[in-house]
Amino acid sequence: MKRIRLTLLLAGLLSLSTSAMAANVGDIPVHRPLIEEYTGTWCGWCVRGLVGMELLRETYGDEFIGVAYHNSDAMQVVSSSAYPNSVPGYPTAYIDRTSKVDALYGFGEISGDIVNAMEQFANLPVIAGIDVTAQWTSEERTSIDINVNTWFTTDKSSAQYAINVMLIADDLHGSGSSWNQKNYYSGYTEFVNDPYLGPWVKKPSSVSGIHYNDVLVGTSGVVANSLPTTIVAYEDYGFNYTFTLANLPKPSLIQNKDNLHVIAVVVDKTTKKAINANRCYIDAWVNPVKPGDVNDDGDIDILDVTTLIDYVLGKDSVVINTANANLDGDDDITIGDITVLIDIVLGTR
């Protein structure tokens with residue numbers, strides 16, 4: 001369905017008469033820049049990235065779209081050869097997969113200036129908008145169904161765009177050397193007055209008990225054919241992807257399912273640039289209403305009729321899906337619902 005365009009009425013006074021004209025103006029996409037940090041607990045200077053990413057989280061809240069790629073520690077899930085960027089050393093960070101930055105200093109030498117760098121990117125116009133929703137596929141929460149909606153502000157032929165979906169975990173923690181963060185700022189008095197690194201000067205050279213956020217635990221990669229090559233302005237393009245937790249590289253990293261969220265990125269496959277990004281939390285599973293499926297087995301047949309009869313007769317051990325059994329619309333499960341269900345099964349209703 002085409003996105004509704006806004007109509008602005010422009011009025012002017014000319015030759016003592018009033019005339020008006022209309023201009024169709026499309027929605028303006030909100031630019032949510034993506035920052036990806038490459039880090040490892042063995043890297044003592046990576047404290048800088050850890051601090052910078054937390055600063056961005058505090059600054060932007062749920063609008064912050066950040067990913068931490070861990071290398072050679074307990075949280076690594078992809079090899080460095082699969083990184084979307086070239087990483088000459090650790091820590092390294094990129095905004096929108098094109099601009100290399102320091103995860104704390106940004107483009108300069110001022111501690112905390114990464115906030116200004118992200119703000120600069122947020123103010124840049126983009127040609128694509130992207131929305132994402134996610135939902136658990138069952139009450140057991142073993143898989144996540146993700147829907148991505150993308151739209152563009154201009155027509156384009158021979159387009160080379162694609163979607164990348166990522167699963168992110170917060171509050172990861174563990175014990176042992178692979179979880180302990182090396183800290184080269186320990187005792188480094190030059191940084192004692194730094195508002196962000198100063199506290200780390202007083203910490204030991206190896207810090208345990210850290211809870212890590214924004215950790216990549218699963219990725220679709222850049223999915224070929226996830227967007228068409230012919231783009232029509234303001235047309236909505238949908239893409240669906242499913243993460244099955246058991247199939248993730250390290251299912252053990254799913255320590256708390258409530259601490260997961262999803263990031264979706266629209267990528268230019270030619271330049272590798274992240275055009276725009278968005279994020280969402282995962283909605284609870286909702287058992288879909290299927291009128292007549294009283295026993296909740298996915299089918300509507302004579303077994304549903306006998307189950308409903310037993311329920312109405314007062315057999316306390318009978319469990320039914322009451323939403324599916326309420327067929328006559330009176331909010332009570334009675335013989336009237338049985339009559340309607342028989343008609344459904346016989347095909348007369």
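Cys43 is buried, at 4% relative accessible area, where buried means under 20% with a 1.4 Å probe and protein chains only. This is a predicted model, so to speak: local features need pLDDT of at least 70, side-chain atom pairs count only at pLDDT 80 or more, and totals for chains, interfaces and linings use all residues. Numbering runs from 1 along each chain as its sequence is written, and side-chain values use heavy atoms, leaving out hydrogens and water.

**Cysteines**
- Cys43 pairs up with Cys46 in a disulfide, S to S 2.4 Å (the cut-off is a pair of cysteine sulfur atoms within 2.5 Å).
- Searching the whole structure turns up 1 disulfide.
- The Cys43 and Cys46 link is right-handed, with 90° about the S-S bond.
- Cys46 is buried too, at 1% relative accessibility.
- Cys280 is also buried, with a relative accessible area of 10%.

**Nonpolar cores**
- The largest nonpolar core has 68 residues; such a core is a set of buried Ala, Val, Leu, Ile, Met, Phe, Trp, Tyr and Cys residues joined through side-chain atoms within 4.5 Å.
- Among the members touching the most others there are Ile144, Leu167, Val217 and Val266.
- A second, separate core of 14 residues includes Val101, Val115, Ala117 and Phe121.
- Leaving aside residues up to four places away in sequence, Val266 has contacts (heavy atoms within 4.5 Å) that include Phe152, Tyr161, Leu227 and Lys273.

**Confidence**
- Mean pLDDT (the predictor's confidence in each residue, from 0 to 100) is 90 for the chain, and 92% of its residues reach 70 or more.
- Residues 1-25 sit below 50, and this stretch has 37 contacts in the model beyond near neighbours in sequence.

Key: Buried < 20%, exposed > 50% of the residue type's maximum accessible area, 1.4 Å probe, protein only.
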